[in-house]
Each structure stands twice: as C-alpha cells, then as structure tokens.
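Dear colleague,

Please find below the structure that I am handing over to you. My notes on what was found in it follow directly after it.

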Amino acid sequence: MVRCAVLATLAALTPLAPLAAQHHGLDPANLDTTCRPCTDFNRYANGGWLARTQLDAQHASYGSFTELSERNQETLRGIVEQLAATAPAYARTNDEKVGAFYASCMDTATAEATGAKPLVPELARIALIRTTADVVNEVARLHRSGRSALFGFSGGPDFKNSTLTIVNVSQGGLGLPDREYYSRPDSATAAVRASYVQHLSRSLQLLGDAPARADSAAARIVALESAIARLHLTRVQRRDPNANYHKMPLAAADSLTPHLEWRAFLLAAGSPATDSVNVGQPTFFKGLDSLLAATPMADWRAYLRWHYVRPVMSALSAPFVREAFSFQTALTGVKEQQPRWRRCLGATGLALGDPLGQAYVRETFTPAARARAQAMVDNLVAALDDRLHTLEWMGDSTRSQALAKLRAFGKKIGYPDKWRDYSAIVVMRGAYIDNVLRAEVFASARNRERIGKPVDRAEWRMTTPTVNATYSASANDITFPAGILQPPFFDPAADDAVNYGGMGAVIGHEMTHGFDDQGRQFDAAGNLRDWWTPEDAQRFRARADLVARQFDGYTVVDSATHVNGRLTLGEDIADLGGLKIAYAAFQRSLAGKPRPPMIDGFTPEQRFFLAWAQIWRNKSTDQALRNQVLTDSHAPAVWRVSGPLSNLPEFAAAFACKQGDSMVRPDSLRAAIW
Ligand SMILES: [Zn+2]
C-alpha cells in the first residue's frame, strides 16, 4: 500500500480532546489533504488526526468509539458522584444502589482492609476437592455464583425455536483470550504465554502460596488449560451456527460425558428443571470428560482456585489490582491504569446496567433525539427494501423471504421501553468486593430464571450508555443505544451527509448482519432454517468469497500478521452492505429538495464517505492489533475504512477515483452483495 505524506505536526501528549466545538460533523483539521483520497482514503480523511494524536499510557487503542465512551463516562460521573454522596449505608432505590455501588468501588481504604478475605470460604472448599464428583460440583457452584468455569453455561434462545429459552453449554475454560495463544510458536505469542505463567504464579502468591508452590501450580494450570484449548473449535469454525447447535435430551448429554451428570449439574448450577440441553460443541465436552477422568486432583484444585479468583482480582486490594493490570500490559501494551473513577463507572455499568442507564437517559437523550434516530432507521429499512426488490443476483422466491425478514425486524432505539427489576440485588456501602460478588450472583440468577420460559423479546442485551450497536439473529432485531446516538456518529446539528455516513452506515451495518453469511441462515422468526434456493445460496457464497479473499490480503504490524478474512467475513459484509444502503438512503433523503451546499469545499457525497472514515480513525499498539486479528471478528479500523470503500463505485464517483487507483478494486475482484 502506498503511504502518503503525514502532516508534521506532533502536538503535545494531550491531544485526546473532544471534537472541536465549532465544526459540526467534520473538522477539516483532521484531514491530510497532501494525500490523494484515491490512494489511501484513511490517511486522507484521518491523517491530521493521526498525526496529532498519540496513544497515551492509558490506552492500548484509541479512536472515535473510545472518545465517545469516555465522554459518556464524563457525563455519567457527575450523575453518579451525586448519587454516591447521598447514598445510605444500605441502598434501597435504584439511584441509591448506583450511588452505593460506586461509592464502595471508590472506597480504597475499605478495599485494602478487606483484602481477599471474602474469597476465603470458597477457596477453602476448593482446597478440599478429592474426587471428580467434587470437581463437577465445584464447577456448578462457580457457575451459580456467576463465574464461567471450565465451560460456558447460560440460558438463551433455542436456535430452532427462537421463542423458547433453553440451556446452552459451550466451550470455554481458558485464561488466555483464545486457543491460539496456547500453541502459536511465534515470539510475540510465546512472550504473552510466558507473561501469563508469571502472572499466574504471582497471583497465587498474593493469595498466600509460597513461591515454589505457586510456580508449580502455575505450570499445572497452563498445562490443563492447554489441553482444554486443544479441544476448542477455532473461531472460524464457530461462525457456523450449525456447528454450535446440538440440542439433546439430558440422557444423551450424559452419555457424552459419563463423568458429568447433567441433571445434577443443572440443579447445582441454579437452573430450573429441564429435559434437554444444547451441547454447543460435542467434541469439546467429550474431550473434557476424558480430562475430568485423567487429570490429577491437584491440577483441578489449582485450576479452580485460579478461575475463582481471576475474574474478581480487580475488585480486591491494590496488590491484586496491580497484578491483574500487569497482565493486561503484556497482552495489549497498555502501560497505565485508567483513573479509578473510570474503572468504577465501568464496573457500576456492568453490575447495575439499567439503573445507570436510566440516569444517563434522563440527562442526555430527549424524546426528540429518539424520534430523529427512529426516522433514520426507517429510512434505512426503506432503502434496503428498495435494494432487495432490484437485487440482480437473487431469485424471486429467496427475495420474497428476504423482504419478509427485513419487514419483521424489531427495532430498539435509545433505551428500553421496560427497564429490568433490580429490587432483588443487595448493594451496600463498604467492601467493594462484597458488592461485586452479590452482583455476579444476581446476574447469574436472572439468567437462570429464564430457562424453560418464553424469550422476552422486549429485553435489551446492551446498556443504554454503550457506544455500540447490535443485531440479534434469534430475535431478528437491531439495537442502537442512546450511548452511540451522539457525535461524531449522530449529531442533530450536523448536515445529513455526515449523519448518514456515520450513524446511518452503522444502522445499515447492523441491518446487513441479518443477511451476512451467518445471519442469512436464520429466518424472519429468528429460527435457524434454510430459506434460500440452492442457486441463490451459491451466488451469495461466490460473492462472499471475494470479500473473504480481499480481507485475507490485508496485514497489520508486519507483513506476516494477516487479517483472517474468514473470521471477519460477517463484519466485512455488514460494512459493505451498510455503506451501500446508507448511501442509498441518503440519496433518497435528497430527492425533491434543493441540493445541499458544499461545506468546507466538500460535496455532500464526499462528506458522507469522510464521515465513515472519521468513525474508524484509530491508533492501537502493536500488541492490541495482534490480539485483534487473532480474536476479534472485526477487522482493524484502517481496513474497515479502505476495505468496503474500495468496492463501492459510489465512493470512486464521489472522489473521481479511476481504475488502477489503490482505492478502486479491479472489476473482477470487486465485491457487491447487498
Ligand atoms: Zn457488526
């Protein structure tokens, strides 16, 4: 890829400022116009920002998403600090619970005095484990208390009967982010592995183990996790919904795992009685059963001790908090902890998502803003409806089902119509770890209660201050929380071009997930059912293959670190389709009106694409990028700018790019799906 000139303005180390207030939508200072847009559009659109922004010690990655979520935190800080100042010792109302939870998190003196004492009783139980039945029972207890030990376990929709909540169990049990970390021979991965072993040993020493004993336990844990990792399907294999769906009667699950009796396990893990379970990956559970039978009890004790402590280390005293962070440094390259108030706001959002969300909405999101966002979603749906009518490669039978699916989309915008009930959670001022442990039990119980019941389609899976959006295949719905309906994604004061290129394309992205290589396998009711003719499915796959090959060709950090185009395929299809639909919706919105004026020398169409690039401006450490290409289904930001745009004739037309330019893929390789 041709590199372009970078503006030589290395500003101070504090450039992570909010958007310039005088420029609504796009700030010309963020561009690098010494670069041709047709050569490297990311550099052209974001070069000014890239040149003056330096990653500070507190960030492994920084971009528009970080910028906005930190701004949302600043809004929340004022609200929550007020609630914390007045919260009583024993909180009763939602506001009091938010205040008391945050106050306990900020109370470092009590955290120091408490240390890891509240963990002692469970650690003592784990030390007494002598049999395989003890191991299984402890795993169930950990699940009941909200820890995802050994494998994943949750209530969720049945892929083939989307109105019913069933038990899903799935591969898990690792302390590193992915199976690849246990086996890759390259030096960067080996360094992370070595750091992990040291981190394990030091963490166990903080719990009181002598160094030699902690070293030996660390080695046992890594050996056991490596054996578990070998049982894992790859992330690419797991993108096939059918590879994760094996619903069976409990007796059949029992014969897969003779050392794990599922009825007893479910009872101990807090599940209501049920007759069947979806064993996500049967080969994993079969292999796990062999490990249950063959692994020495000392290894299991070490493993369970670690997996009990690991998820809550950051809620303990300072030595544990520092140790947990030191491993983040090894994994992502981040050098310094975020200030405690930010970490406490994040934790409050995890524990008390809806009460915090209610407070956020009161402060930031008006009914008028919700109505504007709703109108934009409706315009995007209309544009995709149009497109489905004229899509040249799709036959009429598949087309009519695709239209039915689109028209059945649920739309969740801003905040839930019905908030969750938090009356059962106990929150008190005092030791933070106690609140965290109770919040985990509460979340686990709330999930278990759903099992065997109809799916509540009104429920949200994201909190309202979240800077993200989502599509659910089982619910066939799209969600846009108030947290993302803010600048630079969505700005009521900006021109439509910028709002369509930013938020509009995000909306289009989520809608397209309903029709990406995974989403297309679910029908209008959210059931895993093939509604495609074989010819249309074949034509879809051929188009999708072009996208996968395109992204396979991209690298980050060095020439050996490739994007995995099969892992990022769904997201890449969603970006491509989302931009196409948002652009069409933007053009529809112009019909019958006077043409909008140029702004800062750019046409509305150019501003549309500049807005897309703006939301993906990003700086990341090398470690974070390596981690991303291994574990994240989203391609690195730079390729989310160039990848889809280089397929779009609309982009080439807006900037007068020609065949042969880097930003114009040759016709034979150009991907177009939705
Ligand atoms: Zn996505």
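H509 has a relative accessibility of 6% and therefore counts as buried, where buried means under 20% relative accessible area, exposed means over 50% and partly exposed lies in between, with a 1.4 Å probe and protein chains only. H513 is buried as well, at a relative accessible area of 9%. Please note that this is a predicted model, in which local features need pLDDT of at least 70 and side-chain atom pairs count only at pLDDT 80 or more, while totals for chains, interfaces and linings use all residues. Residues are numbered from 1 along each chain as its sequence is written, and side-chain values use heavy atoms, with hydrogens and water left out.

The zinc site

Both histidines belong to the zinc site: the ion is coordinated by H509 (NE2), H513 (NE2) and E571 (OE), at 2.0 to 2.1 Å. Donors here are N, O and S atoms within 2.8 Å of the metal (3.2 Å for Na, K and Ca); water is not among the atoms, so sites may look incomplete. Along the chain, the donors follow the spacing H-x3-H-x57-E. H509 and H513 are four residues apart in helix α20 (residues 496–513), so about one helical turn separates them. Helices (H or I, at least four residues) and strands (E, at least two) are DSSP runs, numbered from the N terminus.

Helix α22 covers residues 569–590, and its 22 residues should span 32 Å at 1.5 Å a residue; the end C-alpha atoms are 32 Å apart, which agrees. The expected span is 1.5 Å times one less than the number of residues. Because 19 of its 22 residues are buried, α22 is largely enclosed by the rest of the structure. Just after α22, G592 takes a positive phi of about 80 degrees.

Helix α17 (residues 367–390) has 24 residues and reaches 35 Å from its first C-alpha to its last, close to the 34 Å expected. Its buried residues include A369, A373, M376 and V377. The buried residues of α17 pack against α18 (396–407), β6 (410–414), β8 (477–481), α20 and α22, where contact means heavy atoms within 4.5 Å.

In soluble globular proteins, nonpolar side chains tend to be buried together. In this model, the largest nonpolar core has 200 residues, and those with the most contacts inside it are F41, F151, F265 and W674. Helix α22 gives the most to this core, with 10 residues. Such a core is a set of buried Ala, Val, Leu, Ile, Met, Phe, Trp, Tyr and Cys residues joined through side-chain atoms within 4.5 Å. Leaving aside residues up to four places away in sequence, F41 touches F609, L610, A613, V641, L645, F651, F655 and M663.

A buried asparagine

N278 lies in strand β5 (residues 276–279). With 4% relative accessibility, N278 counts as buried. Among the residues that N278 touches, not counting those up to four places away in sequence, are I166, N168, Y245 and H246.

Backbone features

Most residues other than glycine have a negative phi, and most peptide bonds are trans. D600 has a positive phi of about 50 degrees although it is not a glycine. This residue is found in the loop between α22 and α23 (604–615), and D600 counts as partly exposed at 44% relative accessibility. A656, also not a glycine, has a positive phi of about 55 degrees. A656 is found in the segment after α26 (649–654) and counts as partly exposed at 48% relative accessibility. The peptide bond from P487 to P488 is cis, with omega near 5 degrees; P488 is in the loop between β8 and α20.

A search of the whole structure finds four cavities of 30 Å³ or more. The largest cavity has a volume of about 50 Å³, and its lining includes L26, D27, L610 and R617. The elements that give two or more residues to that lining are α1 (41–52) and α23. The second largest pocket holds about 530 Å³ of space. It is lined by 28 residues, of which R184, T189, R626, V629 and L630 are the closest to its centre. On a 1 Å grid over the protein atoms alone, a cavity is a set of points where a 1.4 Å probe fits but cannot get out, and a pocket is an open set with protein on both sides within 12 Å along at least five of seven lines; lining residues have an atom within 4 Å of a point. Grid points are joined across faces, edges and corners, and a volume is the space filled by probe spheres set on the points.

Yours sincerely
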